[in-house]
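Have a look at the chain first, then follow the conversation.

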Amino acid sequence: MDENTAQGIHLARAHRLGQQREGASRSRPIVAKLLDPRHKAVIMGKGRELKGTKLAISDQFPQEIMRRRRLLQPILAEARTAGKRSRLSIDKLYIDGTLYRNSKITYWLTGSNEAAARE
């Protein structure tokens with residue numbers, strides 16, 4: 001990121017997750033909260049420049065959203081392998097611009113109470 005862009009971005013808070021461990025092969029993740037949420041798009045866009053490095057940028061989601069995303073990941077991979085345009089948006093999967101719905105997998109979209117049965 002160029003210096004002028006970086007100087008315009010201000011953090012409300014930043015900290016590392018987890019405890020420091022001697023001999024750890026990976027560094028601990030950093031969580032940052034921005035003063036201006038509009039800067040998130042700038043930062044996430046610059047994340048592509050990190051491809052091929054040991055660094056990455058990603059959103060931090062609650063555990064429930066992460067669980068839902070894990071359920072959708074295999075379907076996303078299958079759709080991409082089939083050459084379909086697909087993307088995850090928080091806990092929703094879009095394949096060729098259409099919201100993916102399956103009552104057994106995306107029960108949170110159908111209003112089903114399977115969530116209670118799964119826990």
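This is a predicted model: local features need pLDDT of at least 70, side-chain atom pairs count only at pLDDT 80 or more; totals for chains, interfaces and linings use all residues.

Q: How many helices and strands does the protein chain have?

A: Helices (H or I, at least four residues) and strands (E, at least two) are DSSP runs, numbered from the N terminus. Here there are five helices and five strands. Starting at the N terminus, you'd read them as α-β-β-α-α-β-β-β-α-α.

Q: What share of the residues is buried?

A: Buried means under 20% relative accessible area, exposed means over 50%, and partly exposed is in between (1.4 Å probe, protein chains only). In this chain, buried residues make up 19% of the 119. Take two residues in the loop between β5 and α4: T106 and K104. T106 is buried, with a relative accessible area of 1%, while K104 is exposed at 61%.

Q: What does T106 touch?

A: A contact means heavy atoms within 4.5 Å. If you leave aside neighbours within four places in sequence, T106 is in contact with L72, Y100 and R101.

Q: Which residues form the largest nonpolar core?

A: A nonpolar core is a set of buried Ala, Val, Leu, Ile, Met, Phe, Trp, Tyr and Cys residues joined through side-chain atoms within 4.5 Å. The largest one here has eleven residues: L72, I75, L76, A79, L88, L93, I95, Y100, Y107, W108 and L109. Two or more residues each come from α3, β4 and α4 (107-110), and α3 gives the most, with four. To trace part of it, pick L88: not counting residues up to four places away in sequence, L88 touches R69, L72, Q73, L76 and L93.

Q: Now for charges. How many salt bridges are there?

A: Side chains of opposite charge can pair when their charged atoms come close. We call it a salt bridge when a side-chain nitrogen of Lys or Arg is within 4 Å of a carboxyl oxygen of Asp or Glu. This structure holds seven. One of them joins K46 and E49, with the closest N and O atoms 3.7 Å apart. K46 is partly exposed at 26% relative accessibility, and E49 is exposed at 51%.

Q: Which partners does R68 have in salt bridges?

A: R68 pairs with E64, the closest N and O atoms being 3.1 Å apart. Both sit in helix α3 (residues 63-81), four residues apart, about one turn of the helix. E64 is partly exposed at 28%, whereas R68 counts as buried at 16%. R68 also meets D91 in a salt bridge, at 2.5 Å from N to O. That pair links distant parts of the chain, 23 residues apart: R68 is in helix α3, and D91 is in the loop between β3 (86-89) and β4 (92-95). Zoom out, and E64, R67, R68, D91 and K92 are linked in a network of salt bridges.

Q: And R69, what is the nearest side chain of opposite charge there?

A: For charge, Lys and Arg count as positive and Asp and Glu as negative; His and the chain ends are not counted. R69 also has its place in helix α3. R69 is buried yet has no salt bridge, and the nearest side chain of opposite charge, D59, is 6.3 Å away. Leaving aside neighbours within four places in sequence, R69 is in contact with F61, L88 and I90.

Terms used
Residues are numbered from 1 along each chain as its sequence is written. Side-chain values use heavy atoms; hydrogens and water are left out.
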